[in-house]
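Open the model in your viewer and keep the selection tool at hand. This tour tells you what to pick next and what you will find there.

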Amino acid sequence: MKSIKGVKVADVVSVYSSAQGDLFQLMFGQQIHVGGMKASIDLADRAGIKAGMKGVDLCCCNGGDMRFLVRFRNVASMIGVDVTEAIVERGRRLTHEEGLDDKIRFILADARESGLPSASADFIWSEDAWCYVPDKPKLIAEAARIVRPGGVIAFTDWVEGPAGLSDSEAQRFLGIMMFANVEDIAGYAKLLSANGCEVRVAEDTGRFSRYVDLYLDMIEMQLRYDALRIVGFSTELLDALIDGFRFIGEMARAGKIAQARFIARRG
Ligand SMILES: C[S@@+](CC[C@H](N)C(=O)[O-])C[C@H]1O[C@@H](n2cnc3c(N)ncnc32)[C@H](O)[C@@H]1O
């Protein structure tokens, strides 16, 4: 697993509490993951998420995925865990505005130590967020602890692709994204198995590079003023962020990074 030194959870919190977090929201919309609602539908269908289930979203951000699950999959309730206070506050406000606060609850906590009861959820959910969590073994163990026996862990994440990142590419990629490390598909599958889960799906979604191109086009061709407004009209800062995304697109096209989908059932 490739890693960089010095990235702590507090650094991720400051990204999501800053202009960069707002920029992500502009680029991605309410659901801050590659593929938006289409990706959520794919994941929910493959994982068999059904009406009446109770779920936990670990690293839920502003809760867009939980609102999708409540509205379009009729899940009974969702608990979202996120470590960034500003994001949790935004999530509570958006959920209240949509009239969904009777079904969705936010907890401000580190996903590795959520404090939620063992075996209390029918499913654990996450989209493109566990890449931020430094200690993947602890995170997967927490997911496996919270889900009930027979329940499902369903998530997508940014992973190292089969072509592999060189050390210098890994340093640049991890630094841009503020990830302490990046797992690969086999690494996640191994962690899930080690925590008593049967891995049913562990695959590249195949959508990453196309979406990075879409985000770049949106910022460069349509939303540049909006993006500049968010970063205090600093063209240098915005161009550095765009350059970073262009590099990520190159890495994705070369098979060095990908978005992967995982579905596992706890034994
Ligand atoms: C890319 S966003 C998640 C997006 C969300 N799945 C969606 O589709 O809207 C990543 C989120 O992970 C949260 N996060 C990062 N590290 C965390 C940790 N250790 N515990 C809980 N939340 C964490 C950040 O605060 C941020 O809100």
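The stops below go from the sheet to the cores, then to charged and aromatic pairs.

**Before you start**

This is a predicted model: local features need pLDDT of at least 70, side-chain atom pairs count only at pLDDT 80 or more, and totals for chains, interfaces and linings use all residues. Residues are numbered from 1 along each chain as its sequence is written, and side-chain values use heavy atoms, with hydrogens and water left out.

**Stop 1: the sheet**

Select the strands. Helices (H or I, at least four residues) and strands (E, at least two) are DSSP runs, numbered from the N terminus. Here 7 strands form an open sheet, in the order β4-β3-β2-β5-β6-β9-β8, with mixed pairing. Two strands pair if DSSP finds at least two bridges between them. At the edges are β4 (104-108) and β8 (197-204), each pairing on one side only. On average, neighbouring strands of this sheet are turned by 15 degrees against each other, direction ignored. Axes are lines fitted to C-alpha atoms, for helices over the stretch in contact, and angles run from 0 to 180 degrees between N-to-C directions.

Now pick β5 (residues 121-127) and β6 (residues 147-160). The two run parallel and are joined by 6 bridges. Ser126 stands opposite Phe155 in β6.

**Stop 2: a helix across the strands**

Select helix α6, residues 136-146. Which strands does α6 lie across? They are β2 (54-58), β5, β6, β8 and β9 (257-266). The helix runs at about 150 degrees to β6.

Stay on α6 and show the side chains of Glu142 and Arg145. They meet in a salt bridge (2.9 Å, N to O). A salt bridge is a side-chain nitrogen of Lys or Arg within 4 Å of a carboxyl oxygen of Asp or Glu. The two residues are 3 apart in the helix, about one turn. An α-helix has 3.6 residues a turn, so residues three or four places apart point the same way. Glu142 is buried at 7% relative accessibility, while Arg145 is partly exposed at 28%. Buried means under 20% relative accessible area, exposed over 50%, partly exposed in between (1.4 Å probe, protein chains only).

**Stop 3: two nonpolar cores**

A nonpolar core is a set of buried Ala, Val, Leu, Ile, Met, Phe, Trp, Tyr and Cys residues joined through side-chain atoms within 4.5 Å. The largest one has 42 residues, and Phe24 and Phe173 have the most contacts inside it. At least two residues each come from α1 (9-16), α2 (19-28), α7 (167-177), α9 (208-222), α10 (224-230) and α11 (235-253). The largest share, 7 residues, comes from α11. Another core lies apart from it, with 31 residues, among them Val56, Leu139, Phe155 and Ala260.

Centre on Phe24. Contact means heavy atoms within 4.5 Å. Leaving aside neighbours within four places in sequence, Phe24 touches Val15, Tyr16, Gly29, Ile32, Tyr132, Met177 and Phe245. Its helix, α2, has as buried residues Gly21, Leu23, Phe24, Gln25, Met27 and Phe28. Their cover includes α1, α5 (85-97), α7, α9, α10 and α11. Just after α2, Gly29 takes a positive phi of about 85 degrees.

Next, jump to Ala260 in strand β9. Ala260 is buried, with a relative accessible area of 0%. Beyond its neighbours within four places in sequence, its contacts include Phe155, Thr156, Ile185 and Glu203.

**Stop 4: charges**

The salt bridges number 20. Glu98 pairs with Arg67, the closest N and O atoms being 3.4 Å apart. Glu98 sits in the loop between α5 and β4, and Arg67 in helix α4 (residues 64-72), 31 residues apart. Glu98 is partly exposed at 27%; Arg67 is buried at 2%.

Then select Asp42, Arg46, Glu203, Arg207 and Arg261. A network of salt bridges links them.

**Stop 5: aromatic rings**

Rings of Phe, Tyr and Trp (its six-membered ring) pair if their centres lie within 6.5 Å; planes under 30 degrees apart count as stacked, over 60 as edge-to-face and the rest as tilted. The structure holds 16 such pairs. Phe123 and Trp125 are edge-to-face: 6.4 Å centre to centre, 85 degrees between the planes. Both are buried.

End on the aromatic cluster whose members include Tyr16, Phe24, Phe28, Tyr132 and Phe173.
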